[in-house]
Structures are given as structure tokens and as C-alpha cells.
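The sequence and the structure come first.

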Amino acid sequence: MGREWRRKHIRHYSFLLIHCSFLFCLSGCLSTKQLRNNSYLLTAQTVRGNHAIEKEQLESLIPQKPNRRILGLPITPPLWFYLFGLRHYDRDAILRQLQAKTNEFEQQSQQLANQPQELKKLNRRFSKQAKRLRQKAEEGNWWMRNLGEPPSYFNERDAQTNAEKMQKYLADKGFFHGKATYSLDTLRRRQIRVNYQITENAGFYLRNITYEIADSRVDSIVRKSLNQSLLKSGDRFDLENISGEKVRIESLLRDNGYYTFSRQYIPVTDVDTTRRGNDRLPTADTLHRHMDVYLQVLNPPGQPAHPIYRIGDVEVRVSPDEHQPAIATTQLDTVKRNGITYLLGGRTISTRLLDSKIRLRPGELYSQTNYRETQRSLFLLNQFKFVNLNFIDTTNRRLRTLITATPLDKYEATAESGATVLYQGQSYPGGFGNLTFRVRNLFGGLETFETSLRYGIEFQTGFATEKNPTNKAYKAQELGVSASFIFPQILFPGRLRFKFTPYNPRTQVSLGFSNTIRPDYRRSTLRATTAYNWQVSPTKQFSFYIADINLINAGSGTNSDISQQFSDTLRSLIAKGSTIYLGFRQSFASGISFAYTYNTNTAGQNRRANFLRTVVESGGTTLNFFPASQLRRFFNTTDTSGLQYYKYIRFNIDYRHYIPLRAHTTLAFRVNTGLVYGYGSNRTAPYEKLFFVGGSNSIRAWLPRRLGPGSEWPQTSASNSNEPAMNSSGQFLYTFEKPGDMIIEGSAELRGRLFHLLADINGALFIDAGNVWTIRDNPNRNGENFSLDTFIPQIAVGTGVGIRFDFSFFIIRLDGGIKVWDPARKYFDEFQGKLIDDRFILPKFSFSKLSSGPNPLIINFGIGYPF
């Protein structure tokens, strides 16, 4: 058996070696035969010798991009595909074909001049054909556009220019005596690598920072803000900080009435100016050197001071036509409030709420920040299509302000449909439909009423058992209806609510019902919530749920056999101390929660960013005012019947960090942890408030919500079984969801663009780790409880690859994960009479048994990125 195993693996790896060698040789041949004469391919660039300045900053100065290689080897498949396509590409023939199509179109359009419908079809057909031919002429054929990459030819003049830019960048960063040179390494088959060598030498550091400001009032404003200056004594000279300080001064003065001030009044501070006051500088750079900075703020030519502007008349026009003339006649719906004139265009709109969003007040100094916040606040109301602010300079430097707002449609209906996986289980994607009806400004208070109806269906395994194998699919359905009111203010008695006015507050009152129908169970939820939301900055947001009330009902599923076995399994877990069965009884849950979100990640932008979300929740808080006996009588609660109620405290922290490596390559990290503690008579929390791991947004090598708790193995339907549930091939049968009271999980994912084919096709390489645990000691539940002594080997590890279809407006994601470390695979096998320890399960993965082996490939389908 061992000899046969070795032979199979030798054949497997020999095939891979031969295949890679073939690609290596083929890529090299095809990459050189069609190159320009006496030209070299640029296949690598390195930057070395830098210490204080980051390598990424210097590499960003190099516009040339080398041809992509595999694992740093001189193998360039994208170039191979491009040259392969180039062999079958004739641009002149395509241009002739385009001209022939154009001539044919012109002739046919003349013949159809009196047939508008046929002419319209002809125009549509010609537009598609012409667009396709133009794209082919400009970007090449299918191979060249989607899989290929054009040759990146080396030009020594480019290397010289790049070295000069790097040397100038060194000077801009304070290394005035820094040097940048380059050397060349010729690789195999006319490929070349450029090595840029950086010598920073000693840097120059700021000593004295002097501001010379001609306008005394401007001088006073600037000096009061010097604690916010970007120029600090002792910092290394940085031209970027000089420019940033000019921008800071410009913004500061524009917030203090200087409407026409710009950074052009702060002349360029070059190296010679900053060196004023220093002695002759030696060329040797072995010491820490000092320098002085002189920053001037000049007056306008021929004027003794900068002009100061105040806000004049303010007029707010709500009109469906944003192109109306600026001056309007007095109308019956003209309203004045706090010095601002409102022209409402016949609409019933609360001027009090509009007034709270406008920061520009007659008589006050002009402020650029108030201008931007006014426009932003009105736009975030989600009531206006366009919001424009215009200023007219009148006499005495008064800025007449006209705010034009174009409303969105009062009534709006949208329909959405698609394919998704409702429960993220072993299932086939099913269809869903969502209808939404929205009414804006329903009561004249700029509120929004929204109601939606959703229905989804898919085919899944439900609760699989030995009598009902996993390869049989069952129908699962989800029906939901919801309604909500969104108010653009904090609805709260007293004046405290007005303190939130600058932060675009919202109050949302919602009522929703959802019904889940599965083969193993049926579950419905009636939920009512009231929440406050406010945003102190574009990156910081707070949410406060002052009421979150849920009424839950559960019953038998659509398949009587599966439903009965599911109930039997739940009952068998009661003897082991599990409280999962409470999630499938009638229950009442209420709570309050507070959440803070910090997000600097912007969709579509590949830059360093962070995401942090923290949530603190208290459930059943008001129930603490009543004794347990009174609550049990009120809810008619018994051990087997009546309405369950919960008291719990829950914490959750989710942190993500994104590091751009290249233009289309990102390294993303995630850490998620949380704890829930139930202190009521049932000693648990509602099922939805427990933690789960596994699935497309968690540990992707496990089935969704099936991992854990701790090192517990999957249970069989037999209550007295001491062995894990598994099939004949050694696969563990994770048949139902496994909640926990505590979660620790983390992920790292390398994302990069592969090629373009109708959409951007991106790839990913990931590793996930984590688990859930219970926090109460129970002698009947081995390995589920969290302990500092044992939790490290109970952390499950999975890895895999993914592919993403990025259509810009949404992303379809497929991830394939395999287990590396399975903490549940340490158990006593009664049949063999020995302890089995297969926790390091990675060697059991086999390409020949992707789905049938003991370590199968788990495919996860998702919309959007996992984190």
C-alpha cells in the first residue's frame, strides 16, 4: 500500500514538473521570437539602499511596469498570450472592415430614410458592430485584450529619467545630498532587470520656522493656530509638509471670512529660501544638519489687507427645475425663518428641519466648511436629486447666497431579483425577488416611508442524517415584509436632541416579519425597532437602538422525517447541557444596543484603510425590574412550554485592515471577537445573538455555521454515541448549526487582478482561523468550554483560493476552502480501540477526491468581498 501511494505521488509531481518545464520553455520561446529587433524586455525592477524613505514611495515614481512573471521566475504567461494573439492580428484588415461597415451603413441608411423603425434598428446594429471593431483595432483581439499583456520594452532613457526623479524626490524629503543611480542585469532570453540604488546621506531638519505675514489680522489668525501646523521644529524637511501647510492656512482663512484667499498668496518656498541663515553647506553628508524655514503670506497686489466677506441674503429654492433664473418673483409659498427666505414651489416642507441643515447665516463671516457642510447635509436627507450653492458678490463684500434643491420623486417603486443562497448551507443558489415602495416627505417633515416585500427560494439539504443523505435536495423558502419610517432628526423630548443637529441625525422606526420554511424546521420572527443614527464625520458613525423587540415562533419543517430526527437530536443535546433547543421554541427577546463604526475604506479605491465596528448590547434590561417568579407567570414559562424570555449582555469587535501592494493587489486582514453572557433563568441568549463560525464570510473550509464549539465533534442522532458522526469515506457530518457564547476568528487574504473577461476577474489566496466556545462549565460537554490552557489547539485553520467576478456595481464570489487543522478530529475510536488524532488534516486533501475524501473542498458562494 505504501509503495502504491509513493508511485501515485511520484507520477503526480512528475507531471507537475514536466508541465511547469513545458510552460517555462514555451513562454521563453514565444516571448522572444516576436520582440522588436535589438530590444529587451523589462521583467524586473528593484529599489535598494533606502532607509528613511519607504520603498513603495520610490517605486511609485517609476511609470514603467515590467511584464508579470510567475513566482519571480522569467516566465511571463500574460505576455505569451499577447504574442500568441498578435500572431493572428491584423490591425489594417480590421480598419478596412470598419470602413466597409461604415460605407454599407451609410448606403442602407439612405434607403431607409422614410422608415424610422427600420432605421433605428440599423443604427443600433451598426453601433454595436462599430464599437466592437474599434475596440479590436485599438486594444487587439480577444487574446490580447483579456488574457494578454503587451511587451514592456526597456529604454535606458527611462531608467535615467527615473533615477533623476528619485534624486529630486530625495531632495524634496530633506536629503539634499542624496543620490540615485541605476545598474542593469541582463537575464535569460533578452530580458533585463533594472536596479535602482539609493544613497540618502544625512538629512536636513527644521530648526527655526518663521512666518512673515503682511496682514496683521491674518497674522493673528494664523499664529493662534500654530499648534496645528504641519511644520514642527526637529522634523526632517519635507516639501509635502510645506505644501500641506499652505493648504491648511488657505482653509483656515477661508473659514474666517476670506472668501477670495488662495494659496497663491503664499509664494513657493524653495530650497535656497529655506537655507537662508545657514553657513556654507559642505558636500560631505555625515552629520545631522539643521535649516530654517521662512513662510510668507502676501497681500493682494496694491491692497493693504485681504478683503473679508460676510454672508448676505440667503435664499433657498426648492424647485423641480434647477435651471430656473436666480431671481424669482414673490410667491404665496414664500416663508422666512431666521433671516433665510424659503421658496418651496408649492410643497409642504418643514422649514424648521431645512433651517437646521443650513450653516450659512446672514451677517456671519463666510466659511468654506459651513458651505460644504450645508451642501452635504441637504444631500444626505435623501430628498433631493441635486443641491447647488451659488454666491453673488454684492456691494460691501456681502455674498448673496442662493441654494437650489431639486427634489427626488415623491413616490418610488423598485424591483430587484437575482440568485443567492438563503442559508449558506450545502445548497444550490436559488432565486429571490424584492419589491420596495418608497414615499418621501410623507407628512411634510422630510421623512421617508419605506415598505418592502421579499421572497426567496432555494434547494438545500436541510438537516441531513443517515436516513436522508446529503445528496438529496429539499425546497427551502423565505418570506419577509417590512415597513419603516426614517426621520431626519432625533425624536426625543427636550432640547438634548438639538445637540445632534450638526451630525446629520436620523431616527428609524421599523416593523418587520420574516418566515423561514425549511425541511428540518419552520421559524418566524416579528421584529420592531427604534434606532438613532448620527455621523460625526465621513468616517465615524454611531447607532443607538433604544428598542429592539423580537417575538419568535418555531415549529416542524416541511419534511416530517427530517423534522422528527432534527427534534430528536435537539433533545439528545439537552442531556449534554446544550441550550440550542431554546432557539426553536416560542420566545420573546428585547434589548438595547450601542454601536460605533470607523471606516476609511472606499469602494473602488485601492489604498491603505481601516474598518472598526464595536457593538455593546444589553438584552432584557427592563425585565430586571421584575422578580423571576412574576415574569414566569406573565410569560407562562415552563421547562417545556410557554414563552421563553432572555437576559443577556453581548460585546462584539470587528476590525479590518487593508494594505495595497500594487495597483490591483491588496493584502486584507480581519479580526473578529465577541462574547455573550446569558444571566436569565435559561442561562443563554436568543439564538440570533449567539456566535457562529464557518461559511463564506467566516472560516471558509467549514460549512456555514457548522464549526465548533471548541473541539466538539459532530453529533450523531443517537443520544448515547461517544463517536463523531462520519460517513464511509471519513468525512465528518456537520449536520446542523453550532452556536457558541464566545468567538475568536481572523483571516488574511491576498487579492489581485487576473484578467478581464466581460468583467474584472480577480483571484484570492486566503487563510482563516478561529472557533466558538461556550463559557459555562458543563461536565457532559467535553472540549466546548473556553479555557486559556486549551483554546490554542482548538483554533481551527483553513486555507484556499477564490475567484471574484467584479462587475463594478456588484461582485460575485466563489471561494474554495480546505481544512488545515480540525480541532474536532481527536477522539477515541471504539472499533479500532485506540485514540485517533487527525487534527492536522491537510495531508488528507486529494485532488482526485475533491468532494468525497475526508478533507473535501468546500465551495462558498457569496456577493461582495468576505470582509
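Which side chain meets that of Arg 438 in a salt bridge? In this predicted model, the partner is Glu 450, with an N to O distance of 2.8 Å. Arg 438 belongs to strand E13 (residues 430-440) and Glu 450 to strand E14 (residues 448-460), and the pair links distant parts of the chain that are twelve residues apart. Arg 438 is buried at a relative accessible area of 15%, whereas Glu 450, at 25%, is partly exposed.

The table lists this pair with two others.

| Salt bridge | N to O distance |
|---|---|
| Arg 438 and Glu 450 | 2.8 Å |
| Arg 263 and Glu 250 | 2.9 Å |
| Glu 617 and Lys 689 | 3.0 Å |

The side chains of Arg 263 and Glu 250 form a salt bridge; because Arg 263 is placed in the loop between helix H9 (239-254) and helix H10 (271-274), while Glu 250 is part of helix H9, the pair ties together parts 13 residues apart in sequence. Glu 250 is buried, its relative accessible area being 8%, while Arg 263 is partly exposed at 41%.

Glu 617 and Lys 689 also meet in a salt bridge. Since Glu 617 lies in strand E20 (residues 609-619) and Lys 689 in the loop between strand E23 (665-678) and strand E24 (742-757), this pair ties together parts that are 72 residues apart in sequence. Both Glu 617 and Lys 689 are buried.

Beyond these pairs, a network of salt bridges links Arg 700, Glu 749, Arg 751, Asp 768, Arg 804, Arg 813 and Asp 815. The count for the model comes to 36 salt bridges.

Note on methods. Residues are numbered from 1 along each chain as its sequence is written. This is a predicted model: local features need pLDDT of at least 70, side-chain atom pairs count only at pLDDT 80 or more; totals for chains, interfaces and linings use all residues. Side-chain values use heavy atoms; hydrogens and water are left out. A salt bridge is a side-chain nitrogen of Lys or Arg within 4 Å of a carboxyl oxygen of Asp or Glu. Helices (H or I, at least four residues) and strands (E, at least two) are DSSP runs, numbered from the N terminus. Buried means under 20% relative accessible area, exposed over 50%, partly exposed in between (1.4 Å probe, protein chains only).
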